Amino acid sequence: MNLPAPGTAGIPAWRVALAGMVSLAVAMGIGRFAFTPLLPMMLADGSVDLATSSWLASANYLGYLVGALLCTFQPMVWRRLGWSGAVRLTVMVRAGLVATTLLTLGMAVHLPVIWPLLRFAAGVASALVFIYVSTWSLSRLAQMQLPEMGALIYTGPGAGIVVSGLAASALVYWQQSAATGWLVFGVLAAALSVLVWPVLRLPASAPAQTATASATVAPDAASNKHHGRTELTLLALAYGLAGLGYIISATFLPVIARQSIPGSPWLDLFWPIFGLGVMVGALVASRIRSQLDMRLRLVLCYLIQGSGILVGLLWPTSAGFAWGSLLLGMPMTAITYFAMQEVRRISPLQPASLMGLLTAVYGLGQIVGPPLASAFLARSVSVQAGFNAALGAAAVALLLGSLMYGVMVRWYPVQKA
């Protein structure tokens, strides 16, 4: 059910968008992706190897899948507690931010045996924050008649990636350890969480769960009765292929660059460039005013992201990796934004449940990525050849996903009111 944003009465739209953006910067940019710029430091410290790092990444993505499933099945505990939807949203977002901070700080402790558990739990927290913040922000901004501002919250992961990437570059320059990096990122997550805490306040009262779908439902989708299981399955599978398509680069980009162009002064900047691309893509998505089918927008995003992978493969230079990182990042959260808007079109009364399903399938795609790369590495004559094969498979996944959206446009045209 579309839920009102908790405790946001009288708060301007820009503060709602900013709170969503910062929350995603913590949960996604730090909770999930801080591992990527710190991985070369962990490899240099000798605390992990490439095989171990693949499983640590997969543990985080498995946690993301579990968190998404928890949202999908709406546990009975909420009804037993008698909490309204508004309270539920606030509690889950706040809990997710606190958990992300503590779990990031925990990675600074040199206990490798518990690292998979910490990365798994961080994945759960990031999924919960992503889904509940998306529901909270998009619903509130739609009530304000400013739905296009919803794309702004998806600049958050990119901002977190840029900040974490630049911070990691500084730490490498100062010859700090990976443990110091985790500690810095944990403190940063705490500071950002404090910044948005007042906006994410609990409502003054906890009335019965309120339905506000009428204020946010698209005019062409009063219900989802005409959307069959096949259409929903295709949507979920196509979205899941995006998870596989970007995750290999998103996990190993700094390591891949070091294998292809060792000694380049740009090595520590490709990840921040990727984050900058994420931010640019989200901002562009927020400015689109055309009535173009969301699925056609997704086709374009998948092709752009696939081209980013191919640029890095065919042009393995500093310039090629810079352009490839930018193209890879630009569609990342734009894909999420367009897919979530498509969810709201076809399931306006229960968007969180379907958002959870899509996020779960996306999580499956992410889980497959690192072990797939590890398998290619084990069977290739060199590390670079293994990464190239894995990136080629990722590009094929994105192409297949774009074709699936094209089929959906043909088979299931948008039904106007």
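Predicted model: local features only at pLDDT ≥ 70, side-chain atom pairs only at ≥ 80, totals over all residues.
The secondary structure of the protein chain comprises 16 helices and 0 strands. Of its 417 residues, 56% count as buried. Among the contacts in the chain with a separation of 6 or more, 86% are made by residues 24 or more positions apart.

The model contains 4 salt bridges. One of them is formed by R258 and D268, whose closest N and O atoms are 2.6 Å apart. R258 belongs to helix α10 (residues 229-260), whereas D268 is placed in the loop between α10 and α11 (270-287), so the pair ties together parts that are 10 residues apart in sequence. R258 is partly exposed, with a relative accessible area of 26%. For D268 the relative accessible area is likewise computed as 26%, and this residue too is partly exposed.

Salt bridges are also formed by R295. With D293, the closest N and O atoms of R295 are separated by 2.7 Å, and both R295 and D293 are buried. A salt bridge also links R295 to E342, where the closest N and O atoms are 3.9 Å apart. R295 is located in helix α12 (residues 294-314) and E342 in helix α14 (residues 332-346), so this pair ties together parts that are 47 residues apart in sequence. Both R295 and E342 are buried. Through salt bridges that share partners, D293, R295, E342 and R345 are joined into one network.

The remaining description concerns S177. This residue, S177, occupies the loop between α7 (156-173) and α8 (178-196). Its relative accessible area is 28%; a residue counts as buried under 20% and as exposed over 50%, so S177 is classed as partly exposed. When the neighbours within four places in sequence are left aside, S177 is in contact with M41 and D45. The C-alpha atoms of S177 and L38 lie 9.2 Å apart in space, although 139 residues separate S177 from L38 in sequence.

Key
Residues numbered from 1 in each chain as written. Heavy atoms only, no water. Helix = DSSP H or I, 4+ residues; strand = E, 2+ residues; numbered from the N terminus. Buried < 20%, exposed > 50% of the residue type's maximum accessible area, 1.4 Å probe, protein only. Contact = heavy atoms within 4.5 Å. Salt bridge = Lys/Arg side-chain N within 4 Å of Asp/Glu carboxyl O.
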